[in-house]
Amino acid sequence: MGAPVERSADAWILALGADRHAAVGITEVLHILAYSPVLFRVPQAPPHCRSVILWEDRVVPVVDLRALITGGADAVGSAGVAGLEQLVAIVAYQSDSSQPAEFGALLLAGLPIRATVTDADACEPDTGVVAWARFASACFRHSSYGAIPVLDLGRVFRPPAAQA
Amino acid sequence: MATVLATRDTAMRTAYLAVLHIGSIKIALPQNEIRTLEPVLDLRRTEAGPAVGVLELDEGVWPIFSLSEDLLPLAELADARRVCVLLGRDELAFGIACDKVVSVPAEQVRAVPAPEVLARRNSPILSLAVHGEEILCMTTTQALAGLLRSRGCLEAPHSPAVPVFDQRGA
């Protein structure tokens with residue numbers, strides 16, 4: 001019997017600003033919108049999702065991950081105000097494999113970086129951000145950025161009541 | 001012809017929508033819910049209370065609220081507000097100060113459900129709508145009144161002093 005084969009997968013590392021990073025699967029990012037995409041603010045929305053974007057004739061919610069993990073205390077900026085200079089990643093995910101793909105958008109502070117992750121890179125999430133455990137399905141260590149949570153996008157885009 | 005726009009709680013039947021511009025946000029409600037428009041210049045400022053002033057019409061006195069982009073009542077009338085939209089009547093009469101108001105045929109608007117991640121209890125935004133390259137936030141007078149009541153800005157509807165009985169079966 002041979003030695004176990006080490007599995008690997010490709011991912012996008014997302015820069016959230018303030019030295020925070022997260023990752024998603026390589027096929028989950030569909031599109032990067034640069035050059036100040038127009039965000040439409042929605043009043044009385046949760047602090048981590050205060051705006052939507054019109055993409056491919058769809059209304060797509062825009063999540064600020066920094067605000068999500070800090071309960072709104074830290075955010076990329078005045079997220080949701082139309083015209084601000086920022087990057088948005090359009091992502092696709094399935095809450096359940098029997099369900100059709102759903103679309104969402106994430107505010108980014110820089111272009112995503114491609115990475116290949118192996119089983120040996122698995123690690124525990126940064127204890128400084130407890131909330132990651134609620135939204136991450138795994139975590140890996142990167143030589144430059146440290147522990148990077150792998151997002152479960154179905155959880156990220158759940159209604160706030162279901163996230164608690 | 002009236003167009004039916006499905007919202008979270010109700011089907012909104014209206015031929016035209018009034019789009020209220022409040023800073024960068026655009027909220028839309030059935031135009032037939034608007035009583036009248038008045039310039040903010042006619043506002044009589046009030047010292048106390050959450051309303052920034054009142055408008056006195058033949059039909060009564062309408063408290064006017066200046067709202068933030070999160071639809072929270074502001075203590076002062078924001079500089080960009082130019083026009084007061086008077087909504088409702090009788091016990092529900094109130095006004096919102098806006099930067100401008102635009103009328104849009106409802107048939108040009110496609111209502112879409114608000115994404116679930118945006119859901120928040122007591123939000124007055126009942127659904128979203130696509131109009132050309134823009135996204136509008138759909139609401140109603142009742143939903144805005146509910147928000148203002150929850151902030152203590154409007155009184156709850158009065159209960160009848162005398163019980164009202166359903167006389168259909170009497």
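Student: Where do I start? How does the model score overall?

Tutor: Remember that it is a predicted model. Its scores are ipTM 0.83 and pTM 0.85. For chain B, the average pLDDT is 85, and 84% of the residues reach at least 70.

Student: Let's look at a sheet. In what order do the strands of the open sheet in chain A come?

Tutor: To read a sheet, walk across it from strand to strand. In chain A, 6 strands line up as β3-β7-β8-β6-β5-β4, with mixed pairing.

Student: In which sense do β6 and β8 of chain A pair, parallel or antiparallel?

Tutor: Parallel: β6 (residues 58-63) and β8 (residues 102-108) of chain A are joined by 2 bridges. To find your place, look for Val62(A), which stands opposite Ala105(A) in β8(A).

Student: What do β10 and β11 of chain A form?

Tutor: A hairpin, with 3 residues between the two strands. Strand β10 (residues 136-142) and strand β11 (residues 146-151) of chain A run antiparallel and share 6 bridges. Within the pair, Arg141(A) sits opposite Ala147(A) in β11(A).

Student: Now chain B. In what order do the strands of its 6-stranded open sheet come?

Tutor: Follow β5-β9-β10-β8-β7-β6 of chain B; the pairing is mixed. The edge strands are β5 (34-39) and β6 (44-45) of chain B, and each has a single partner strand, so one side of each lacks a neighbour in the sheet. Further in, β7 (residues 53-57) and β8 (residues 60-66) of chain B pair in the antiparallel sense over 5 bridges. There, Gly53(B) faces Ile64(B) in β8(B).

Student: Which residues of helix α1 in chain B are buried?

Tutor: Helix α1 covers residues 141-150 of chain B, and its buried residues are Thr141(B), Ala143(B), Leu144(B), Ala145(B), Leu147(B) and Leu148(B). Their cover includes β4 (25-30), β8, β9 (83-87) and β10 (94-98) of chain B. After α1(B) comes Gly152(B), with a positive phi near 75°.

Student: How do I judge a single residue? Is Ala48(B) buried or exposed?

Tutor: Count the C-beta atoms around it. Ala48(B) has 5 others within 10 Å, so Ala48(B) is exposed. You'll find Ala48(B) in the loop between β6 and β7 of chain B. Its C-alpha atom is 9.3 Å from that of Ala75(B), 27 residues away along the chain.

Student: Why does Val104(B) count as partly exposed?

Tutor: Because Val104(B) has 19 C-beta neighbours inside 10 Å, and a buried residue needs 20 or more. Val104(B) belongs to strand β11 (residues 100-105) of chain B. Beyond neighbours within four places in sequence, its contacts are Tyr16(B), Leu17(B), Val19(B), Val109(B) and His131(B).

Student: Last one: how many residues are in contact between the chains?

Tutor: 20 residues of chain B meet 19 residues of chain A. On the chain B side, β13 (127-131) and β14 (134-138) each supply at least two of the residues. By class, that side of chain B has 13 nonpolar, 2 polar and 5 charged residues.

Terms used:
Residues numbered from 1 in each chain as written. Chains lettered and ligands numbered in written order. Predicted model: local features only at pLDDT ≥ 70, side-chain atom pairs only at ≥ 80, totals over all residues. Contact = placed C-beta atoms within 7 Å. Helix = DSSP H or I, 4+ residues; strand = E, 2+ residues; numbered from the N terminus. Nonpolar A, V, L, I, M, F, W, Y, C, P; charged D, E, K, R; others polar. Pairing = 2+ DSSP bridges. Buried ≥ 20, exposed ≤ 12 C-beta atoms within 10 Å, placed from the backbone. pLDDT = per-residue confidence, 0-100.
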